[in-house]
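This report is written for a reader who is meeting the structure for the first time. It concerns contacts between side chains and the space that is left open among them.

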Amino acid sequence: MIIEKGKIPNIISLNIPEISKLITGFKTSGKIAKTDSNLLYLRIDDEYIHRAFPLLHNINNNIQKPDYFRNPNEGAHISVIYPEENIIIDDHDLHQEHQFVIKDIATAELNSKIYYLYLVESPSLLKLRNRYHLPNLLSFRGYLIGFHITFGFELP
């Protein structure tokens with residue numbers, strides 16, 4: 001049994017029908033990739049961010065796009081294994097396609113920063129984490145969080 005240690009962020013479900021309707025036609029699969037810093041992620045369609053982000057301004061004008069859009073080589077993704085989890089994956093796991101399902105739209109507060117997320121389920125990504133003896137929840141800066149797509153954030 002794998003014991004998960006860390007804080008649980010405050011996650012609040014959001015009711016944003018315009019975004020829920022918008023994302024129903026988006027592709028729900030991606031391919032595994034890895035950054036130079038050893039982040040393993042599922043690369044997905046940038047439309048999850050680019051098309052939904054403008055609708056967040058109806059909530060708050062201070063919401064910003066995720067930091068990863070500042071680097072032209074990165075884009076929308078689902079983190080699978082964070083670098084601080086100290087796992088080196090086998091090359092055969094790279095470029096594999098995985099499916100996912102958006103379960104909810106929510107905010108999560110971590111270290112006084114509010115993140116806007118799509119909460120995601122993916123049995124195959126969970127199986128990949130388990131193959132490396134990792135717990136079901138990812139460990140991010142001392143917090144435990146499930147699979148998600150960050151599509152905005154705001155500072156207090």
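**Aromatic rings**

The model is predicted. Across the whole structure, a search finds 5 aromatic pairs. One of them joins Tyr-48 and Tyr-118 in an edge-to-face arrangement, with the ring centres 5.7 Å apart and 75° between the planes. Because Tyr-48 belongs to helix H2 (residues 47-50) and Tyr-118 to strand S7 (residues 113-121), this pair ties together parts that are 70 residues apart in sequence. Tyr-48 is buried, with a relative accessible area of 0%. For Tyr-118 the relative accessible area is likewise given as 0%, and this residue is buried.

Another pair is formed by Tyr-82 and Phe-140, whose rings are tilted, at 4.9 Å centre to centre and 35° between the planes. Tyr-82 is found in the loop between strand S4 (77-81) and strand S5 (97-99), whereas Phe-140 is in strand S8 (residues 138-140), so the contact ties together parts that are 58 residues apart in sequence. Tyr-82 has a relative accessible area of 7% and is buried. Phe-140 counts as buried at 17% relative accessibility, because the class covers values under 20%.

Ring pairs also build a cluster, which links Phe-26, Tyr-48, Phe-100, Tyr-118 and Phe-151. A ring can meet a charge as well: the charged end of Lys-113 sits over the ring of Phe-153, 4.2 Å from the ring centre.

**Salt bridges**

| Side chains | Distance, N to O |
|---|---|
| Asp-46 and Arg-43 | 2.9 Å |
| Glu-85 and Arg-129 | 2.7 Å |
| Arg-131 and Asp-93 | 2.7 Å |

In the salt bridge between Glu-85 and Arg-129, Glu-85 comes from the loop between S4 and S5 and Arg-129 from helix H4 (residues 123-131), so the pair ties together parts that are 44 residues apart in sequence. Glu-85 counts as buried at 13% relative accessibility, and Arg-129 counts as buried at 0%.

The side chains of Arg-131 and Asp-93 also meet in a salt bridge. Since Arg-131 lies in helix H4 and Asp-93 in the loop between S4 and S5, this contact ties together parts that are 38 residues apart in sequence. Here Arg-131 is partly exposed, with a relative accessible area of 45%, while Asp-93 counts as buried at 4% relative accessibility.

In the salt bridge of Asp-46 with Arg-43, Arg-43 is partly exposed, with a relative accessible area of 29%.

**The largest pocket**

The largest pocket holds about 570 Å³ of space. Its lining comprises 23 residues, of which Tyr-68, His-77, Tyr-82, Phe-140 and Arg-141 are the closest to the centre. The partners of the tilted aromatic pair, Tyr-82 and Phe-140, are thus named again at this site. Which elements give two or more residues to the lining? They are S4, strand S6 (101-110), S7 and strand S10 (148-154). By class, the lining has 11 nonpolar, 7 polar and 5 charged residues.

Terms used. Residues are numbered from 1 along each chain as its sequence is written. This is a predicted model: local features need pLDDT of at least 70, side-chain atom pairs count only at pLDDT 80 or more; totals for chains, interfaces and linings use all residues. Side-chain values use heavy atoms; hydrogens and water are left out. Rings of Phe, Tyr and Trp (its six-membered ring) pair if their centres lie within 6.5 Å; planes under 30 degrees apart count as stacked, over 60 as edge-to-face and the rest as tilted. Helices (H or I, at least four residues) and strands (E, at least two) are DSSP runs, numbered from the N terminus. Buried means under 20% relative accessible area, exposed over 50%, partly exposed in between (1.4 Å probe, protein chains only). A charge sits over a ring if NZ of Lys or CZ of Arg is within 6 Å of the ring centre and within 35 degrees of the ring normal. A salt bridge is a side-chain nitrogen of Lys or Arg within 4 Å of a carboxyl oxygen of Asp or Glu. On a 1 Å grid over the protein atoms alone, a cavity is a set of points where a 1.4 Å probe fits but cannot get out, and a pocket is an open set with protein on both sides within 12 Å along at least five of seven lines; lining residues have an atom within 4 Å of a point. Grid points are joined across faces, edges and corners, and a volume is the space filled by probe spheres set on the points. Ala, Val, Leu, Ile, Met, Phe, Trp, Tyr, Cys and Pro count as nonpolar, Asp, Glu, Lys and Arg as charged, and the others, Gly among them, as polar.
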